[in-house]
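Please take a moment to look over the sequence and the model before reading on.

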Amino acid sequence: MANIYSRNHMIIVNYPREGLVREIIETIQELELQTEIFVLAPTLKNLPFHLPRVDLVSGSVVSWDTYQRAEIEQAKKVLVLRSSEDPMISDAVTASIVTLIKNHHPSLFVAAECLSQKHSELFKMAKADSIIYSETILNDVLSHSVLDPGTAEILATLINKKSKHSIFRTLIGKLREYSTYSFFSKRLLDQGYTVLAMRRENQMFFHLHGETLKHGDEVYYIGRHRLNWIEVKKEAKLPT
């Protein structure tokens, strides 16, 4: 491993297949240009591809020593991918990895891939911050693409790293004055940003009529680029 002395970097755990891991890395770095990434893989000696600001850490993914070599103390986020194609085995291993990380760093954001939604309780008990039901998402997209033609194309466009528009998230900061989401959404729409949903205390809201902005809300929107809270206030013409 060539030590890149990362700070505020991301860690990807497991290496299901080259195409998947490379696509994830390229998408992350397209959206966040300077992000450094460590890939943790138990069997690889070298990555089969070369990308800037990406490094490999070989070692057991259930050993804390491997994460220390990946400088997890300075990491900002972790993504744990499937360890195998067997849902029972993979989800058990993935949940144990989440538990290991959370036991050492409870505040570190950890997203985990879950192959079977039947195992969701495993990931909730492990305190995963985000559970990605990859197979369920794929099946739902296939179903919707038949029932509502164009659905798959819209989703593919929004999550394509080369698209002019994508889905972003911004955390609502401190507010000086009361404001409704109806007012907020209309102001952002005038500036070319479409509000999709809001998450508050781990609950997602899509019908925002009557809801007011609160410090700590997470707002999801379609736009050309991610806005920080200062930029959101400016675009929505909120009091600064």
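Glutamate 26 has a relative accessible area of 24% and is therefore partly exposed, a label for values between buried, under 20%, and exposed, over 50%, with a 1.4 Å probe and protein chains only. This is a predicted model, in which local features need pLDDT of at least 70 and side-chain atom pairs count only at pLDDT 80 or more, while totals for chains, interfaces and linings use all residues. Residues are numbered from 1 along each chain as its sequence is written, and side-chain values use heavy atoms, with hydrogens and water left out.

The side chain of glutamate 26 meets that of arginine 22 in a salt bridge, at 3.0 Å from N to O; the term stands for a side-chain nitrogen of Lys or Arg within 4 Å of a carboxyl oxygen of Asp or Glu. Because arginine 22 and glutamate 26 are four residues apart in helix 1, about one helical turn separates them. Helices (H or I, at least four residues) and strands (E, at least two) are DSSP runs, numbered from the N terminus.

Helix 1 also has buried residues, namely Val21, Ile24, Ile25, Thr27, Ile28 and Gln29. Among the elements that cover them are strand 1 (10–13), strand 2 (37–41), strand 3 (54–58) and strand 4 (77–80).

Two strands are said to pair if DSSP finds at least two bridges between them. Strand 1 and strand 4 run parallel and are joined by four bridges, with isoleucine 12 opposite leucine 79 of strand 4. Strand 4 also pairs in the parallel sense with strand 5 (residues 109–114), again over four bridges, and here lysine 77 stands opposite phenylalanine 109.

What joins glutamate 113 to arginine 82? Their side chains meet in a salt bridge, at 2.7 Å from N to O. This pair links distant parts of the chain, since glutamate 113 lies in strand 5 and arginine 82 in the loop between strand 4 and helix 3, 31 residues apart. Glutamate 113 counts as buried because its relative accessibility is 6%, and arginine 82 counts as buried at 7%. Both belong to a network of salt bridges that links Arg82, Glu85, Glu113 and Glu135.

Elsewhere, four strands form an open sheet with antiparallel pairing, in the order 7-10-8-9. Its edge strands, each pairing on one side only, are strand 7 (166–171) and strand 9 (203–205). Strand 7 pairs with strand 10 (residues 218–223) over six bridges in the antiparallel sense, and serine 166 has glycine 223 of strand 10 as its bridge partner.

Conventions
Contact = heavy atoms within 4.5 Å.
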